[in-house]
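Visitor: Please show me the structure, and then I will ask about its ligands and the space around them.

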Amino acid sequence: MSNVAVIMPAAGASRRFHDKNYKKPFAPLAGRAVWLHTAEKFLNRADVKQVIVVIADEDMEEFQRKFGANLAILGVEVCRGGDERADSVEKALAKVKPDCDLVAVHDAARPCLADKWIDAVFEAAAKDGAAILAVPETATLKRVAQGKITETVSRESLWQAQTPQVFRREWLMEAYTARAGKAATDDAALVELAGHPVTIVEGSPLNLKITTRDDLKLAEQILKILPKPKLDGFANPFAGDDMWR
Ligand SMILES: Nc1ccn([C@@H]2O[C@H](COP(=O)(O)OP(=O)(O)OP(=O)(O)O)[C@@H](O)[C@H]2O)c(=O)n1
Ligand SMILES: C[C@](O)(CO)[C@H](O)COP(=O)(O)O
């Protein structure tokens with residue numbers, strides 16, 4: 001069995017979420033914060049040895065006030081994020097325990113995970129060194145400029161990357177060392193650049209990234225149909241509190 005460290009980026013600005021009360025990782029979803037739903041998917045796994053949630057500087061004080069006691073119970077570590085998602089991952093990567101041979105990066109904004117998808121991408125990464133969940137592109141894609149279509153882009157062989165994205169620790173370290181501040185909207189892009197092949201594991205459109213308020217409504221419905229993770233003795237720290245208001 002691999003020893004997996006999970007990095008959960010939750011330090012974004014949630015600009016597209018347009019909620020004056022909450023950033024999306026902290027928004028209430030079926031009675032608890034989005035990030036807690038996401039963390040739960042990993043916390044009871046025997047192969048997960050470390051969970052690091054990445055929080056923006058501006059949110060750290062409130063986050064610790066609200067969740068500090070539960071973080072200790074759950075063994076979730078906290079790390080300060082950076083300006084870009086890749087900066088946040090890079091900061092957390094420096095805290096990954098050396099005995100973790102795999103590192104899984106999973107958006108805190110993707111709470112709708114099923115164990116079978118995690119199992120599949122972890123297994124593929126253990127075998128191949130790098131693997132990500134993704135779904136085949138099913139829409140017709142248009143390139144647009146000034147509100148007009150300039151090109152219809154073939155969707156042939158196009159997949160939508162998701163997370164978890166899972167890598168041998170040394171490959172991900174190497175990729176981030178070589179990054180030199182380059183922008184990257186996912187971690188696989190940096191591992192590809194470092195010359196390592198990344199295996200695609202077909203996931204599900206249900207593994208939704210919460211980006212807008214409508215996505216939150218969708219996530220609530222999806223959670224109803226996903227198998228629930230078992231989490232004995234977990235106190236719900238989000239007891240309708242208004243800490244993010
Ligand atoms: N500097 C950043 C930017 C993003 N993220 C995290 O990376 C995940 C995916 O990013 P995205 O969905 O783009 O979140 P935001 O950047 O917050 O969204 P927006 O672009 O609407 O501001 C989210 O869990 C987000 O919190 C992060 O940890 N640090
Ligand atoms: C990592 C990711 O979820 C894969 O689809 C996506 O790239 C995150 O992009 P965002 O702009 O940071 O949401």
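Visitor: Which space does ligand 1 take?

Guide: Two definitions come first: on a 1 Å grid over the protein atoms alone, a pocket is an open set of points where a 1.4 Å probe fits, with protein on both sides within 12 Å along at least five of seven lines, and lining residues have an atom within 4 Å of a point. A molecule sits in a pocket if more than half of its atoms lie within 2 Å of its grid points. The space taken by ligand 1 is the largest pocket.

Visitor: How is the model made and numbered?

Guide: Residues are numbered from 1 along each chain as its sequence is written, while chains are lettered from A and ligands numbered from 1 in the order in which they are written. Side-chain values use heavy atoms, without hydrogens and water, and local features need pLDDT of at least 70, side-chain atom pairs count only at pLDDT 80 or more, and totals for chains, interfaces and linings use all residues, since this is a predicted model.

Visitor: What volume does the largest pocket have?

Guide: Grid points are joined across faces, edges and corners, and a volume is the space filled by probe spheres set on the points. For the largest pocket this comes to about 1100 Å³.

Visitor: Which element gives the largest share of the lining of the largest pocket?

Guide: The lining has 39 residues, with Gly12, Arg16, Lys24, Arg85 and Lys209 nearest the centre of the pocket. Two or more residues each come from strand E1 (4–10), helix H2 (57–74), helix H3 (85–93) and strand E10 (159–168); helices (H or I, at least four residues) and strands (E, at least two) are DSSP runs, numbered from the N terminus. The largest share, five residues, is from E10.

Visitor: Which residues come nearest to ligand 1?

Guide: A residue is near a molecule if one of its heavy atoms lies within 4 Å of it. The shell of ligand 1 divides into six nonpolar, four polar and eight charged residues; Ala, Val, Leu, Ile, Met, Phe, Trp, Tyr, Cys and Pro count as nonpolar, Asp, Glu, Lys and Arg as charged, and the others, Gly among them, as polar. Of the 18 residues around ligand 1, the nearest are Pro9, Ser14, Arg15, Arg16 and Lys24.

Visitor: How much of the accessible area of ligand 1 does the protein cover?

Guide: Oxygen atoms of ligand 1 lie 3.0 Å from a backbone N or O atom of Gly12 and 2.8 Å from one of Arg16. On its own, ligand 1 has 560 Å² of accessible area, by the Shrake-Rupley method with a 1.4 Å probe. The protein covers 90%.

Visitor: What is the phi of Ser14?

Guide: Ser14 lies in the loop between E1 and strand E2 (28–29). Although Ser14 is not a glycine, its phi is positive, about 55 degrees.

Visitor: How much of ligand 2 does the protein bury?

Guide: The shell of ligand 2 has one nonpolar, two polar and six charged residues. Oxygen atoms of ligand 2 lie 2.6 Å from a side-chain N or O atom of Asp107 and 2.6 Å from one of Lys209. Taken alone, ligand 2 exposes 360 Å², and the buried part is 75%.

Key:
A polar contact is a pair of N or O atoms within 3.5 Å; within protein, one must be able to donate a hydrogen and the other to accept it, and residues adjacent in sequence count only if both atoms are side-chain atoms.
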